[in-house]
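This briefing walks through a few residues and the contacts their side chains make. Please keep the sequence and the structure in view while reading.

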Amino acid sequence: MRIRRILAAVFATAALAGLGLTGAATATAASSVTPASVTPGECTDNGGKIDRSTPMLPTCRGGMYDGQSVD
């Protein structure tokens, strides 16, 4: 009877630890996604310049967000 309780505690701990690792991996993957558009401040703060000669939306040229549209 005591062995069953110990095994149940071990399995429960392993299951909870697995959920914690999965959540951390998901958070890391989500933070590396490039946004579809950036703000003017994000563009210039990360080394880019705003190119307003594009027909639809201004575009960030250079820096970390090169080629992204600017809202």
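In this predicted model, a polar atom of the side chain of Thr-54 lies 2.4 Å from the backbone oxygen of Leu-57.

**Thr-54 and its surroundings**
- Thr-54 sits in the loop that runs between strand E2 (49-51) and strand E3 (59-61).
- With a relative accessible area of 18%, Thr-54 is buried, because buried means under 20%.
- The side chain of Thr-54 also makes a polar contact with the side chain of Thr-59, at 3.4 Å.
- When neighbours within four places in sequence are left aside, Thr-54 is in contact with Thr-59 and Arg-61.

- Side chains of opposite charge can pair when their charged atoms come close.
- Since Arg-61 lies in strand E3 and Asp-51 in strand E2, the pair ties together parts that are 10 residues apart in sequence.
- Arg-61 is partly exposed, at a relative accessible area of 40%, and Asp-51 also counts as partly exposed, at 22% relative accessibility.

**Gln-68 and its surroundings**
- Gln-68 is placed in the loop between E3 and strand E4 (69-70), and at 18% relative accessibility Gln-68 counts as buried.
- Leaving aside neighbours within four places in sequence, Gln-68 is in contact with several residues, among them Thr-34, Pro-35, Ala-36, Pro-58, Thr-59 and Cys-60.

How values were computed:
Residues numbered from 1 in each chain as written. Predicted model: local features only at pLDDT ≥ 70, side-chain atom pairs only at ≥ 80, totals over all residues. Heavy atoms only, no water. Helix = DSSP H or I, 4+ residues; strand = E, 2+ residues; numbered from the N terminus. Buried < 20%, exposed > 50% of the residue type's maximum accessible area, 1.4 Å probe, protein only. Polar contact = N/O pair within 3.5 Å; in protein donor to acceptor, adjacent residues only side chain to side chain. Contact = heavy atoms within 4.5 Å.
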